[in-house]
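User: Hey, I've got a structure to look through and I'm new to this. Can you walk me through it?
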Number of protein chains: 2
Amino acid sequence: MSRILSAPQLGFFKMLPAALQHVLLAAATPQRHMDGETIHRRGDTTSSLSVIREGAVVVSNVGMDGRELALGLLHAGDTFGEFTLFSDMPRQFDFVASGDTRIDVVDREKFDVLLDDSPALARHVISHLASRLHQVVELLDDERRLPLPVRLAKTLLAWPADLDDADKLRVTQQNLANALGVSRVALSGALRRLTEAGWLTRGYGELQLHDRSRLEAWIAANAQLVPTP
Amino acid sequence: MSRILSAPQLGFFKMLPAALQHVLLAAATPQRHMDGETIHRRGDTTSSLSVIREGAVVVSNVGMDGRELALGLLHAGDTFGEFTLFSDMPRQFDFVASGDTRIDVVDREKFDVLLDDSPALARHVISHLASRLHQVVELLDDERRLPLPVRLAKTLLAWPADLDDADKLRVTQQNLANALGVSRVALSGALRRLTEAGWLTRGYGELQLHDRSRLEAWIAANAQLVPTP
DNA sequence: CCAAGAATGTTAATTTCTTTACATTTGGGC
DNA sequence: GCCCAAATGTAAAGAAATTAACATTCTTGG
């Protein structure tokens, strides 16, 4: 999704000072993956950071019951796996190449060396982790207290937009439903309500937002008092 | 709650090497708070790490609608606020003293100095943040895919136990309901089901677990396939 | 152009949780 | 010991989501 995993404004690599970017890439090993190839599987205990150079990576979480949750799509410049570098936890998601993909991979040992040499990198890692943590805790909070249409609106505002139209979102309802952890029926209903309220127009595989800033205000107004007593 | 905020096994301060503990405390300023006094309020932008020396701190999240969520209780040796040191995000919870409480407070500037001087501290911070992040992402995942009784069982196993009996949990159903983000009625029902299944005995303000290891196995068996198809 | 797959729209039955309400049990303070 | 607040047990109505099913619309590959 994206709300969890790909937060463009928080991209680990993009936010690095150029000098550190170069240092990091110098320690990396390039890899290629064909369309549909699994790069990491949930439960893997490998530790490595990957920077996407070309192509895209689908992030998903397929339970043993076959249902897919928390889907996301990462693009060139995005990174994944950074969390495995710092703790011995297994990978939490499946990462699958979408299209032919080139990534640069930094393994744990190499990264550790860099970390020892560069306090600035350590600082960066810390603030990145802290931001992400803050974000996920907020998300968890939202999940518990906000009604679905509001959560949906928040997700839409955070969704990566089309290149030529900032308010056109290329996403299927099924993907959105996965991202929010609800059924497609529930999502469809919430989308209908937002449409009837005039916030967006539904298309085939895309959504057109009408007024981002007013929608933000609407969310803020609805994010506090749950009903209107 | 504790699933979010107080993870005893991951305590930031407790896990620090003794030498670093002393360095940290040397930089700290002691504070006293009376019972019921608010130490930090949600939305505060102050940055500081606090180590509890004596007493306890209630962590809560009171929405403007008055409902209280994600409640937790921290004890001596626990820390809070560590996340505010590393990002400019506001505090996410309310912290209120429970009983007369003494805490040692390290503000951001002092901590930054320590961080520059000690790569080991930076390492520790990074792995603490990464673990916590991993934990919260798992929690979010659980929240979406696991039925309430299973989530409840997981929460119970992670709950801090009584001092003299590792399987006696001192917690009210209301607190558990807050921790899981459900109503007390729903929680009561889930507890009844676990009781009928023989996993625990309900008491007044306490719960007695019967067999931790078998319960863990039961959770693992139920955490994958949601129904039985 | 048109067939097939993909995506959306919608309905109905069911389940789960919430809200509200009230009764009962427990334990501590006076 | 008794009273009262706190905690638990439970019931009923309603809201919201799920599952399952089916119809319709859109896109695209041949």
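This is a predicted model: local features need pLDDT of at least 70, side-chain atom pairs count only at pLDDT 80 or more; totals for chains, interfaces and linings use all residues.

User: OK. Which residues of strand S9 in chain A are on the covered face, and which on the uncovered one?
Analyst: In S9 of chain A (residues 206-209), A:Leu207 and A:Leu209 make up the covered face. A:Glu206 and A:Gln208 are on the uncovered face.

User: Why do they take turns like that?
Analyst: Because side chains in a regular strand alternate between the two faces of the sheet.

User: What does S9 of chain A pair with?
Analyst: Strand S7 (residues 168-170) of chain A is joined to S9(A) by three bridges, and the two run antiparallel. In that pair, A:Arg170 has A:Glu206 as its bridge partner. Strand S8 (residues 200-202) of chain A also pairs with S9(A), again antiparallel and over three bridges. There, A:Thr201 is partnered with A:Gln208.

User: And what holds paired strands together?
Analyst: Strands of a sheet pair through backbone hydrogen bonds, in either a parallel or an antiparallel way.

User: How many residues sit between S8(A) and S9(A)?
Analyst: Three residues, and the two strands form a hairpin. In the turn, A:Gly205 has a positive phi of about 75 degrees.

User: Switching to chain B. In what order do the strands of its open sheet come?
Analyst: The order is S7-S9-S8, with antiparallel pairing throughout this three-stranded open sheet of chain B. S7 and S8 of chain B are the edge strands, each pairing on one side only. From one strand to the next, the twist averages 20 degrees.

User: What about the turn between S8(B) and S9(B)?
Analyst: Those two strands form a hairpin with three residues between them. B:Gly205 lies in the turn and has a positive phi of about 75 degrees.

User: New topic: the DNA. Which residues come nearest to DNA strand C?
Analyst: There are 17 residues around DNA strand C, and the nearest are A:Gln173, B:Leu148, B:Ser183, B:Ala186 and B:Tyr204. Helices H5 (173-180) and H6 (184-196) of chain A and helix H6 (184-196) of chain B each give two or more residues to that surface. H6(A) gives the most, with four residues.

User: What classes of residue are on that surface?
Analyst: Nine are nonpolar, six are polar and two are charged.

User: Last one: how many residues are in the largest nonpolar core?
Analyst: It has 64 residues, and A:Val57, A:Ile126, B:Val57 and B:Ile126 have the most contacts inside it. Strands S3 (48-62) and S6 (94-107) and helix H3 (119-145), in chain A and in chain B, each give two or more residues to this core.

User: Which chain B residues does A:Ile126 touch?
Analyst: Leaving out residues up to four places away in sequence, A:Ile126 touches B:Phe86, B:Ala122, B:Val125, B:Ile126 and B:Leu129.

Notes. Residues are numbered from 1 along each chain as its sequence is written. Chains are lettered from A and ligands numbered from 1 in the order in which they are written. A residue is near a molecule or strand if its C-beta atom, placed from the backbone, lies within 6 Å of it. Ala, Val, Leu, Ile, Met, Phe, Trp, Tyr, Cys and Pro count as nonpolar, Asp, Glu, Lys and Arg as charged, and the others, Gly among them, as polar. A residue is buried if 20 or more other C-beta atoms lie within 10 Å of its own, exposed if 12 or fewer, and partly exposed in between; C-beta atoms are placed from the backbone. Two strands pair if DSSP finds at least two bridges between them. Axes are lines fitted to C-alpha atoms, for helices over the stretch in contact, and angles run from 0 to 180 degrees between N-to-C directions. A nonpolar core is a set of buried Ala, Val, Leu, Ile, Met, Phe, Trp, Tyr and Cys residues joined through C-beta atoms within 7 Å. Two residues are in contact if their C-beta atoms, placed from the backbone, lie within 7 Å.
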